[in-house]
Each structure stands twice: as C-alpha cells, then as structure tokens.
Amino acid sequence: MCLSKVSLVKLLSVGLIAIASLMLTISAQASEKVYGKFPVTLKGYSGSKTNSVSYTGQIARHVLHDSLKKLAAKGNGKPNPKLKSLMMSYYSSKDAGRAIIAPKTKGSFVVKQTLVDQISKKKNLSGKTYKGTISGMPNNMTGPELVTFWIDKASSANKGVDSRNGYNYPQLISKFIMGAVFYNQAVDNYLDEKLSATKKPNNKPYKKGAAYTGKEHSWDEAFGYYGVPAHGLSFSGKQLYLIAKQKPEGFSIADFNGDGKIDLYKEMMFAPAYYAASYDKSNKTTYGKNISNAFLDGRRLISSAQGEILSDAQRSQLRKYAAIIEKNWQKTLAESVFKYAGSVYKDLKKINASMADEKDKTKKAEKAYIKHWGELKGFSLSLQTGRAKLGGDTAVRLNRLIGFGPVMPNSSQVVDIDSNGNYVKDQSSGIEEYMLHMLKVQKLMIDKFNVKARKNDQLASLDQMIKKLGDSSSAEND
Amino acid sequence: MIVDWFYHEYLQHLIESLVDPKKRVSFGYLIFAAMIGLAWSAFMSRHSWRYGLSQGIRKLFGKRVLFSQSARADYKLLLLNHGFLLLVAPFFLSKVALTTSLFFLLHEVLPSGSAYFSSMPFWTVSVIYTLFLFVLDDFSRYVVHAALHRIPFLWAFHKIHHTAETLSPLTVYRTHPIEAVVFSFRSIIVQASCIALFVFIFGEKVDLVTIYGVNVLLFVFNLSGSNLRHSHIPISYGRILERIFISPAQHQIHHSIMRCHHGKNFGAALSVWDYLFGSLHLSEKNTHLTFGIKNRSKRGSHNLFTLYVQPFVEASREVKILFRKLEEIKKDIINVT
C-alpha cells in the first residue's frame with residue numbers, strides 16, 4: 001500500500017489533533033480536582049490579582065504547630081526559661097523572623113520556605129485556640145491556658161516527657177491543637193457563623209482591599225486548616241501519606257509545579273489531612289476524599305455566584321457541604337481516639353507481661369505507653385472542641401475513662417493539679433482496670449461515631465469470631 | 001416491595017441455606033446421608049443386599065415418606081418459618097452486643113485474668129476452643145430440648161415437631177415459630193459466652209478449626225449422616241458408642257409413640273448428657289416404631305392453621321393452670337399461717 005504525500009499529511013494532522021485533544025482532556029480532568037485557581041469575582045475590584053484563593057495564614061499556623069511540636073521535645077529535664085520563651089513565641093507571639101523548625105528539607109524532599117513569614121506574617125496559634133473550658137483536664141482551664149500550662153511543663157521535661165506522671169507533652173500539645181485550633185476554627189467558625197446570611201457576605205470584600213469576597217475567603221480559610229495540598233484532592237490515601245511523611249516517592253507527587261521544591265503553602269500535607277489519609281489508606285473509609293470533594297464543590301458554588309450575595313438555596317447547599325466536612329473531620333478524630341486507645345491497651349498488655357528482670361523491655365513499653373497515651377488524650381480533647389457538644393454523656397464518659405493522666409505501672413494516676421501547677425496523684429484501681437477502660441473507649445467510638453477504619457482494634461477478634469460462626473437465626477430442631 | 005423482598009431476601013436466603021455447609025440440611029450432607037442410609041440398608045439386610053437396597057430406597061425416597069400428609073406439612077412449615085425468621089431476626093438480641101457485654105463483664109469480675117494464657121500456642125488454643133464450643137453447644141441443645149419436653153408451656157409448642165408421622169431430613173424444620181425463636185436465642189447465648197470467654201482468657205489467638213468454614217466437629221457430625229436421625233433407617237452404633245454419640249436409631253426412639261420411649265434421648269450429637277442425666281435409651285433391634293403423638297386427633301394434626309394456632313391455645317391453658325396452682329399454694333400458706 002502506498003500513501004500519497006497529501007494523505008500522509010492528513011493522517012499526521014488527524015493524529016496530532018487526536019493526541020492534543022487527549023492531552024487537553026487529561027489536563028482538564030487533573031485541574032478539575034485542584035483547589036484553585038478561582039477567578040476574582042468581587043464586584044468593583046480594581047487590583048491586579050487574578051486568583052481569589054488565599055489561605056496563607058492557615059498554612060502558617062500549621063507550620064507554627066509543627067515547629068512547636070518539635071520544640072516541645074527539646075527540654076533537658078531542668079527548668080529552661082529560654083526554651084519556654086521560644087515555644088511561646090511560636091504559640092502566642094507574632095514575632096517576625098521565626099524560623100521554620102518543621103517541616104524542613106529532608107534529604108531529596110526539598111522545602112521551599114525556611115521562615116514562617118515567607119508564608120504569612122504576624123500569625124500565632126493562641127489567638128485561634130478554642131476558648132471554652134476543657135473539662136477533660138482539671139481546674140477548668142481554657143484551651144490557651146491548657147496549652148500554655150503544657151508548654152511550661154514541656155520546657156522543663158526531659159525531651160518533653162514526664163515519665164513519672166506519664167505525660168508526653170509534644171504529643172499532648174500537638175494533638176490538642178489539631179482540634180482546638182484547626183478543627184475548631186474550621187467547623188465552629190468559618191463553616192458555621194461565617195456561612196450565615198449577615199456575616200461576611202459574598203457581595204463585599206472579606207476585608208478592605210482584598211481580592212476575595214467574604215464567603216470565598218471564609219471557605220478558603222476552612223480549607224487551609226484542613227491542610228491538604230491544593231492539587232492533592234484526588235490523590236489516594238497512600239499518596240498523601242507519602243507526602244506527609246516526606247518520603248522521596250512523595251516528592252514527585254507533591255511537587256505540582258515541578259520547580260524542584262515543595263511549596264508549603266500549596267504542595268504540602270499537614271496533620272488533619274494526614275490523619276484522614278492514614279485511615280483512608282485502609283480502603284475502609286473515604287474521610288479525606290469526602291472532605292476534599294466537599295471543599296471543592298463548596299468553593300465552586302461560591303465562585304458560580306459571581307460576586308453576588310448568596311441566595312438561601314445556595315447557602316443551604318453550602319451548609320450541606322460544610323456538614324459533610326464536619327462529620328468526616330469529626331470521624332477522623334474519633335478514629336484517632338479509637339486507634340490510640342488500642343495502642344494504649346497493647347502497651348499495657350506488654351507492661352503487664354514483661355518480667356521483673358526485663359528492665360529494658362519494660363522501659364521501652366512504658367515509653368511507648370506514655371507516647372500513645374498523650375496522643376489518645378490529645379485527640380480525645382480535640383474531639384470535644386467541635387461546633388456542637390458531643391451527644392449525650394459521650395464527653396463525660398470519654399474523660400472519665402481516660403482520666404487526667406495515664407495509670408502508671410505502680411497504679412498511681414494524676415487526679416488533680418494544685419494551685420501551683422503541681423500534679424496531685426492518687427492510687428487508681430490498677431492497670432487491668434485501665435485496660436478495660438481502653439476497650440470501653442473503643443466501644444464508645446464505635447457506638448457514638450460509627451468508626452470504620454478501626455486501627456488497633458482490640459475487639460476485632462470478637463467480631464471476626466462472631467462472623468465466622470455465622471447466622472444464629474434458624475428454625476432447625478432436634 | 002414484597003416481590004422485591006421475596007426475590008432478594010427470602011428466595012436468595014433460602015437457596016443459600018440449602019448449599020451452606022453451616023446448615024444441617026444442605027445438599028452435600030443430604031447426599032452423604034443418602035449414601036450412608038442406602039449402604040446400611042443394603043449391607044445390614046437379613047435378605048439379599050439388593051432387597052435391602054430397594055427397601056432403603058423406599059424408606060428414603062418412597063412416595064409414602066416424601067409426599068405423605070405429614071411430610072407435606074413439614075415443607076409448608078419450612079417455607080413459612082423461613083420467612084418468619086427473616087422478618088424477626090433483626091429484632092433478636094444482638095450477638096455482637098451480648099458478646100462485647102460479656103467480654104467487658106469478665107474484665108470487671110476478673111480483672112487480672114485477662115489474656116492469662118496468651119502465651120499458649122495458637123493451634124492448642126484453637127483446638128480447645130473448637131472442642132469447647134461444640135460440647136457447650138451440644139449441651140445447651142440437650143438442656144433446651146429437655147425443657148421443651150418437660151415444661152408444659154414449652155411442650156405445647158415443641159409438640160408440633162412430634163406430630164410428624166413420617167420422618168425425612170426436612171422434619172428438622174417442622175417447628176413452631178416460637179420454638180425457632182427459643183433455639184435462635186440459645187445459639188446466640190452459647191456462641192456469645194464462648195467467644196467472650198475464650199478471647200478474654202486467650203487473647204487474640206482464638207480461632208475456630210474449620211472445614212469449608214464450619215466447625216470441624218460439626219462438619220464431621222453432619223457428614224456422617226446426622227440427617228438420618230429424621231428418617232426411617234434405624235442406624236445404630238452399638239451399646240458402647242451409643243453412650244457417647246446419639247445414633248439415628250436413638251433419635252427415632254425419641255419420636256416413637258411408645259410410652260417407654262417418652263422423654264428419652266434428648267441429645268443432638270452427644271448422648272453423654274442423656275447417659276449422665278438418666279434419659280438415655282439405647283437402640284433396639286427388630287422393634288417397629290410408630291412416630292407421632294398418641295391420642296392426638298388425626299384430623300387437623302398436619303393442618304397449618306392448627307399447627308400454628310393450637311400451641312397458643314394449649315400454652316395459654318397451661319399458664320392458667322399454673323396460675324391456679326399458685327393461687328392454691330398461696331391459699332394453703334395463708335391457711336397454715
């Protein structure tokens with residue numbers, strides 16, 4: 001068969017067009033799942049910006065949180081005012097020039113920014129911490145008071161750990177801030193009050209001179225607190241996990257613009273999204289996917305209003321998206337409580353089983369126990385910082401089961417904090433009883449939040465065996 | 001909606017239960033039972049094996065057995081009860097809830113006993129668990145079965161099963177719905193207690209030894225012709241073995257109308273319970289058995305309405321008698337004091 005020159009040109013043209021169309025389709029599909037850019041819709045905006053998306057302040061707070069967690073583990077076991085002051089500067093001051101302590105460049109995972117100010121200036125965490133009283137700890141402290149109390153304790157603890165009383169401050173501070181700042185600000189502020197008709201309307205700028213409307217920016221700020229990369233909405237749980245852990249394989253996934261550096265503002269994963277992804281990795285849940293989709297759908301809806309005030313129907317739809325975000329975020333926290341209650345149970349089992357002469361083994365198990373307890377306690381308090389109070393007596397039961405401190409191997413447990421900030425201890429009913437409490441915490445998370453990923457499930461063997469024996473309803477006689 | 005339920009729930013579940021090796025009356029077991037029954041008839045026949053085989057075929061598949069009025073009632077009850085159980089099962093006590101509650105209760109009562117034997121090898125724990133579950137399940141069947149015979153209120157319902165005059169494997173489903181509920185509760189309680197206890201003592205290592213997903217012991221019991229207990233083939237195990245395992249012939253004695261056979265052989269797989277509690281009756285050679293209930297009006301004994309309603313009438317009568325007796329006792333106490 002012989003093709004003429006004209007036919008060959010025609011054939012090549014058709015082929016090229018087909019390839020170009022395919023590439024356009026792929027790129028369109030990819031951009032469909034990117035949070036931004038969204039055009040400026042604000043009526044009367046005369047500035048030069050073409051993108052209305054902005055959540056730099058939230059990412060700066062993620063970085064402050066990550067850095068604070070690192071600093072909390074720097075103590076040498078003696079009172080250290082300098083360290084305390086440094087930690088407070090990351091928590092409550094708005095100082096310029098604060099270095100990013102975490103996340104930093106790790107091997108081939110190169111991070112673009114080195115200073116918090118390169119993301120956003122004059123940001124702190126204390127101003128955004130849940131102001132209600134924390135009933136899961138003594139003395140009716142507010143959220144900021146509790147974090148400040150822990151910062152003080154962390155600064156004088158050895159690597160942030162008080163092994164006598166059983167507190168791991170980096171974990172307590174970090175996990176609590178995940179709820180008291182990120183979750184609370186997103187679901188109780190930006191996705192709640194600021195979605196009302198009167199607050200931050202869509203036909204006015206969020207603040208004077210801004211390129212975004214009230215509703216656009218409220219929504220973006222909530223998105224920022226979730227902490228997922230803007231282009232990572234369609235990534236699998238596993239891919240997101242690789243980014244959060246700064247794995248070399250995660251770098252190519254995270255580096256969306258291909259500049260060889262990870263922009264913390266747009267390309268990095270932070271704690272709330274990381275935990276959602278870690279549960280989604282099991283394929284039993286879709287928390288991260290649900291949250292990301294709801295954020296994207298909500299933002300599209302706001303953009304589609306073209307800078308006009310949102311109708312009741314539009315706001316009602318927006319509230320539906322907000323409800324999806326809130327529900328899935330709450331479940332993520334409940335999954336974390338479930339997971340660490342299981343870890344604590346396993347640690348206690350190891351402590352119980354280790355012999356008196358196996359000091360190293362026991363010490364290792366105790367270290368893990370204190371760490372996991374800190375994560376459990378932090379997440380359980382976070383779960384209580386949402387928009388609405390937990391139904392029924394859930395919070396009371398959760399706080400009573402976990403207590404103010406872990407039950408130590410000698411059965412002692414912190415039961416109060418005196419006026420000087422010293423822990424008051426008493427004898428508890430023992431670690432076996434406390435193990436039962438952990439099982440009850442897991443059961444509570446199943447009953448109240450219907451958690452599905454169920455990592456470290458200590459009741460799983462019961463469940464599996466029940467399934468194995470099959471259906472009991474039968475009319476078989478003898 | 002009803003049509004949808006019928007196809008997707010009822011029919012599907014019914015077909016599944018016929019192939020599910022966890023159910024006694026599934027095809028595989030039935031085929032094995034038929035082979036055992038025919039082999040027994042052929043080789044134990046006092047005449048030629050051919051004659052024995054033909055007798056076996058007649059006893060298992062004969063028109064008078066499979067299409068008798070009694071057997072037809074069995075089939076109808078099977079089909080109706082199946083639907084009834086599907087509808088009421090969601091309201092049963094949750095096995096998960098009961099297991100978890102018992103597990104927590106054990107932790108509270110014996111806090112230091114948790115996972116006490118967790119260092120024991122996996123296979124040992126699994127063997128103990130499988131055996132324990134089988135024995136406990138069988139014992140509970142004995143207790144419930146004996147109670148169904150000895151408590152007049154319960155007997156009113158269990159009697160339905162004993163009105164069968166011809167026995168086929170499907171007679172196992174000739175049950176009043178109330179009795180089916182009793183049996184379901186028994187199963188839930190036994191399984192929940194067993195699981196909770198074993199996970200509490202042995203930790204996460206507990207697993208069931210299974211064949212095709214069925215407890216290996218139950219599988220062997222069903223494969224070895226358990227279905228022949230409801231048949232007209234009197235397989236016996238001999239005087240020693242029949243004190244340990246219930247033979248089909250022994251269960252047929254349980255269905256006999258002869259007075260001396262009443263209240264005997266309540267066991268399901270094991271006869272040790274009957275042996276221990278004095279209700280054992282060994283099989284007898286050359287005894288012709290008639291099945292059913294004596295003095296019961298023939299008319300209506302296989303009528304569905306009667307089978308479903310009559311037990312309620314009799315049970316309410318029993319309750320009245322009980323109350324009357326209680327009143328009399330109360331009066332006697334008052335008179336004495």
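Visitor: In which helix of chain B is B:Glu179 found?
Guide: Happy to start there, with the reminder that this is a predicted model. The helix of chain B that holds B:Glu179 is H9.

Visitor: Is B:Glu179 buried or exposed?
Guide: The C-beta count decides this one. A residue is buried if 20 or more other C-beta atoms lie within 10 Å of its own. B:Glu179 has 23 C-beta neighbours inside 10 Å, so B:Glu179 counts as buried.

Visitor: How far apart in space are B:Glu179 and B:Phe157?
Guide: In sequence, B:Glu179 and B:Phe157 are 22 residues apart. In space, C-alpha to C-alpha, the separation of B:Glu179 and B:Phe157 is 6.4 Å.

Visitor: Are H5(B) and H9(B) parallel, antiparallel, perpendicular or oblique to each other?
Guide: Helix H5 of chain B covers residues 69-88 and helix H9 of chain B covers residues 177-202. Their axes come within 10 Å and cross at roughly 50°, and the crossing is right-handed. The orientation of H5(B) and H9(B) is therefore oblique.

Visitor: Which residues make the contact of H5(B) with H9(B), and how do they divide by class?
Guide: From H5(B) come B:Asn81, B:Phe84, B:Leu85 and B:Val88, while H9(B) brings B:Pro177, B:Ala180 and B:Val181. By class, the residues of this contact are six nonpolar, one polar and no charged.

Visitor: Still in chain B, is B:Phe132 buried, partly exposed or exposed?
Guide: B:Phe132 lies in helix H7 of chain B, residues 122-150. Around B:Phe132 there are 13 other C-beta atoms within 10 Å. Buried needs 20 or more and exposed 12 or fewer, so B:Phe132 is partly exposed.

Visitor: How far apart in space are B:Phe132 and B:Arg243?
Guide: Along the sequence, B:Phe132 and B:Arg243 are 111 residues apart. From C-alpha to C-alpha, B:Phe132 and B:Arg243 are separated in space by 19 Å.

Visitor: Over to chain A: are H4(A) and H5(A) roughly parallel or roughly antiparallel?
Guide: The axes of H4(A) and helix H5 of chain A, residues 169-190, come within 10 Å and cross at roughly 160°. That crossing of H4(A) and H5(A) is left-handed. Angles over 145 degrees count as roughly antiparallel, so H4(A) and H5(A) are roughly antiparallel.

Visitor: How do the residues of the contact of H4(A) with H5(A) divide by class?
Guide: On the H4(A) side, the residues include A:Leu146, A:Val147, A:Trp150 and A:Ile151. Those they meet in H5(A) include A:Leu172, A:Ile173, A:Phe176 and A:Ile177. By class, the contact of H4(A) with H5(A) has twelve nonpolar, one polar and one charged.

Visitor: Which residues touch the most other members of the largest nonpolar core?
Guide: The largest nonpolar core has 152 residues. Its largest share, 15 residues, comes from helix H11 of chain A, residues 312-353. The residues that touch the most other members are A:Ile173 and A:Val337.

Visitor: Leaving aside neighbours within four places in sequence, which residues is A:Val337 in contact with?
Guide: With those sequence neighbours set aside, the contacts of A:Val337 are A:Leu376, A:Phe379, A:Ser380, A:Leu383, A:Val441 and A:Met445.

Visitor: Which elements give two or more residues to the side of chain A that touches chain B?
Guide: The contact takes 25 residues from chain A and 38 residues from chain B. The residues on the chain A side divide into nine nonpolar, seven polar and nine charged. The elements of chain A that give two or more residues to this side are helix H14 (431-449) and helix H15 (460-469).

Visitor: Where in chain A is A:Lys37, which a cis peptide bond joins to A:Gly36?
Guide: For the bond between A:Gly36 and A:Lys37, omega is about 0°. A:Lys37 sits in the loop between helix H1 (5-32) and helix H2 (56-71) of chain A.

Visitor: Is A:Asn140 buried or exposed?
Guide: A:Asn140 is found in the loop between H3 and H4 of chain A. Phi of A:Asn140 is near 50°, a positive value in a residue other than glycine. Since it has 10 other C-beta atoms within 10 Å, A:Asn140 is exposed.

Methods. Residues are numbered from 1 along each chain as its sequence is written. Chains are lettered from A and ligands numbered from 1 in the order in which they are written. This is a predicted model: local features need pLDDT of at least 70, side-chain atom pairs count only at pLDDT 80 or more; totals for chains, interfaces and linings use all residues. Axes are lines fitted to C-alpha atoms, for helices over the stretch in contact, and angles run from 0 to 180 degrees between N-to-C directions. Helices (H or I, at least four residues) and strands (E, at least two) are DSSP runs, numbered from the N terminus. Angles under 35 degrees count as roughly parallel, over 145 as roughly antiparallel, 65 to 115 as roughly perpendicular and the rest as oblique. A crossing is left-handed if the near helix is turned anticlockwise from the far one by less than a right angle, and right-handed if clockwise. Two residues are in contact if their C-beta atoms, placed from the backbone, lie within 7 Å. Ala, Val, Leu, Ile, Met, Phe, Trp, Tyr, Cys and Pro count as nonpolar, Asp, Glu, Lys and Arg as charged, and the others, Gly among them, as polar. A nonpolar core is a set of buried Ala, Val, Leu, Ile, Met, Phe, Trp, Tyr and Cys residues joined through C-beta atoms within 7 Å.
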